[in-house]
Amino acid sequence: MAVDIANRGGSARAPKADPGRLSRGAVAAALVVPLCHVLFGPDVLATLGTLYDDIVYLTLGKAIASGEGYRSIHLVGTPVHAKFPPLLPLLYAGIWLVSRSLSVVVYAAYGLSMLALGAATWALWRYAERLGVRWWLTTILVLGPLLLLRTVRYFAGAVSEPWFLLGWAGALLVVASLEDAREAGQPRGDGRWAALGLLLAAVTLARTQAIVLVPAVLLAQVVRRAPVRTVVTTGGAALLPLALWRLWHGRMLAAGPVSTSVGQLPYTDWLSGGPLGTPLTSMTLAAQVNPSEYLDHAARMLVGWTSGKAELLVLGFGLLSLVGLALAARRRPELTLSVLGICAVLLVWPFNQARFLTTLLPFLGLAAALAIEAGL
């Protein structure tokens with residue numbers, strides 16, 4: 001059942017479309033978006049290493065498969081890898097065990113990324129339906145950012161962006177489904193809330209920035225006055241795997257050796273002093289620089305170039321998104337809190353990159369679509 005947030009104030013509701021047609025639309029979107037990536041993206045074998053992350057994930061997988069452990073075998077001294085989480089390396093290790101061919105592993109990893117992208121597209125479409133957003137707004141504002149030139153480029157290969165997108169969209173859809181059932185007097189069992197927590201843990205073990213989703217979802221449950229038991233169940237299931245990984249990884253790092261290069265430091269070290277300065281200094285400097293940098297990145301991604309007019313268009317898009325997030329704050333707080341949380345992380349992240357916007361823009365587009373739906 002679609003929930004039309006934009007019209008909760010008492011105004012007339014937009015006509016509801018046939019649920020079957022909407023489901024077919026979700027399936028069609030899940031097929032078309034990855035197909036466009038495959039048709040118009042680069043050859044992932046020919047461009048291997050140009051994104052850097054793809055090399056790291058694949059070499060970590062090879063190190064695990066060969067019995068060398070969680071080590072950066074592409075670096076001198078094969079140090080213990082300190083930065084990337086383990087889910088994707090473990091996945092690729094399985095492919096390395098089946099096939100020792102680099103080309104097979106690369107294309108298999110890309111195929112899995114496209115499957116994740118298709119599933120994420122389906123979840124985004126279904127979540128937009130729950131928001132009561134019309135299909136053409138979803139197509140333009142939510143799917144459109146997934147077909148941008150830079151998005152296609154950054155999703156091409158053994159990278160974490162498609163998996164982060166899938167975990168984020170999937171978590172929002174699961175939260176909406178469970179909360180709607182609870183409010184309708186049909187509460188789900190603790191097992192489903194535990195599964196939600198495990199999903200949050202899995203996406204965090206695929207992309208470190210996804211740790212923000214854990215407090216966002218838990219706080220959203222509090223905002224919606226969920227029973228304490230469901231909040232504890234979700235939080236416990238999410239935090240236990242993360243704590244176990246942190247403990248195990250910490251023991252590996254203590255045994256060493258560990259690279260001293262800034263680019264190889266753990267993410268926690270970036271904001272805890274060291275070569276980047278004190279935490280306050282690091283975050284303050286990033287917060288001063290990152291807004292203008294991301295405005296430039298967004299203009300190049302959405303418009304194709306940077307100029308005063310292009311930046312005005314981006315700012316207009318951002319304003320619509322803020323309105324949509326405000327509209328969703330009460331009924332769909334998981335959307336508002338997760339988007340604001342990721343934005344806050346990017347604001348103080350020491351290194352700004354356009355690739356970080358590839359997973360954020362579809363959710364900003366979802367919020368902008370909600371704002372336009374309210375006007376309609």
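Are Trp349 and Phe356 buried or exposed? Trp349 is buried, and Phe356 is buried as well. Buried stands for under 20% relative accessible area, exposed for over 50%, and partly exposed for what lies in between (1.4 Å probe, protein chains only).

1. **Basis.** This is a predicted model, in which local features need pLDDT of at least 70, side-chain atom pairs count only at pLDDT 80 or more, and totals for chains, interfaces and linings use all residues. Residues are numbered from 1 along each chain as its sequence is written, and side-chain values use heavy atoms, with hydrogens and water left out.

2. **Aromatic pairs.** A pair of aromatic rings is described by the distance of the centres and the angle of the planes. Here, rings of Phe, Tyr and Trp (its six-membered ring) pair if their centres lie within 6.5 Å. Planes under 30 degrees apart count as stacked, over 60 as edge-to-face, and the rest as tilted. The count by this rule is six aromatic pairs. One of them joins Tyr70 and Trp245, edge-to-face, at 5.3 Å centre to centre and 75° between the planes. Tyr70 sits in the loop between α2 (53-65) and α3 (87-98), and Trp245 in helix α10 (residues 228-255), so this pair ties together parts 175 residues apart in sequence. Helices here are DSSP runs (H or I, at least four residues), numbered from the N terminus. Tyr70 is buried at 6% relative accessibility. Trp245 is buried too, at 15%. The pair of Trp349 and Phe356 is also edge-to-face, because the ring centres are 6.4 Å apart and the planes stand at 90°.

3. **Aromatic cluster.** Tyr70 and Trp245 belong with Trp248 to one aromatic cluster.

4. **Arg246.** This residue is found in helix α10. Arg246 is exposed, with a relative accessible area of 51%.

5. **Salt bridges.** Side chains of opposite charge can pair when their charged atoms come close. The rule asks for a side-chain nitrogen of Lys or Arg within 4 Å of a carboxyl oxygen of Asp or Glu. It gives 15 salt bridges. Glu161 and Arg355 form one of these, at 2.8 Å from N to O. Glu161 lies in helix α7 (residues 161-183) and Arg355 in helix α15 (residues 355-375), so distant parts of the chain, 194 residues apart, are linked. Glu161 is buried, with a relative accessible area of 0%. Arg355 is buried at 6%.

6. **From α7 to α13.** Glu183 and Arg331 meet in a salt bridge of 2.6 Å, N to O. Glu183 lies in helix α7 and Arg331 in helix α13, so the pair ties together parts 148 residues apart in sequence. Glu183 is partly exposed at 39% relative accessibility. Arg331 is buried at 15%.

7. Asp296 and Arg300 form a salt bridge, with their closest N and O atoms 3.1 Å apart. Both lie in helix α12 (residues 279-302), four residues apart, about one turn of the helix. An α-helix has 3.6 residues a turn, so residues three or four places apart point the same way. Asp296 is buried at 18% relative accessibility, whereas Arg300 is partly exposed at 36%. Elsewhere, salt bridges with shared partners join Arg130, Asp180, Glu183, Arg224, Arg331, Arg332 and Glu334 into one network.

8. **Helix α14.** This helix covers residues 333-348. Its 16 residues should span 22 Å at 1.5 Å a residue, and the end C-alpha atoms are 23 Å apart, which agrees. The expected span is 1.5 Å times one less than the number of residues. Buried residues in α14 include Pro333, Leu335, Ser338, Gly341 and Val345. Leu340 in α14 is partly exposed, with a relative accessible area of 41%.

9. **Nonpolar patch.** Leu319, Leu322, Val323, Leu327 and Leu340 make a nonpolar surface patch of about 430 Å². Patch residues have over 30% relative accessible area and no salt bridge; nonpolar side chains (Val, Leu, Ile, Met, Phe, Trp, Tyr) are joined within 5 Å, and like charges within 9 Å. Areas come from the Shrake-Rupley method with a 1.4 Å probe. Helix α13 (residues 308-331) gives the most to the patch, with four residues.

10. **Cysteines.** How many disulfides are there? The count is zero, with a disulfide taken as a pair of cysteine sulfur atoms within 2.5 Å. Cys36 is partly exposed at 21% relative accessibility. Cys343 is partly exposed at 28%.

Conventions
Helices (H or I, at least four residues) and strands (E, at least two) are DSSP runs, numbered from the N terminus.
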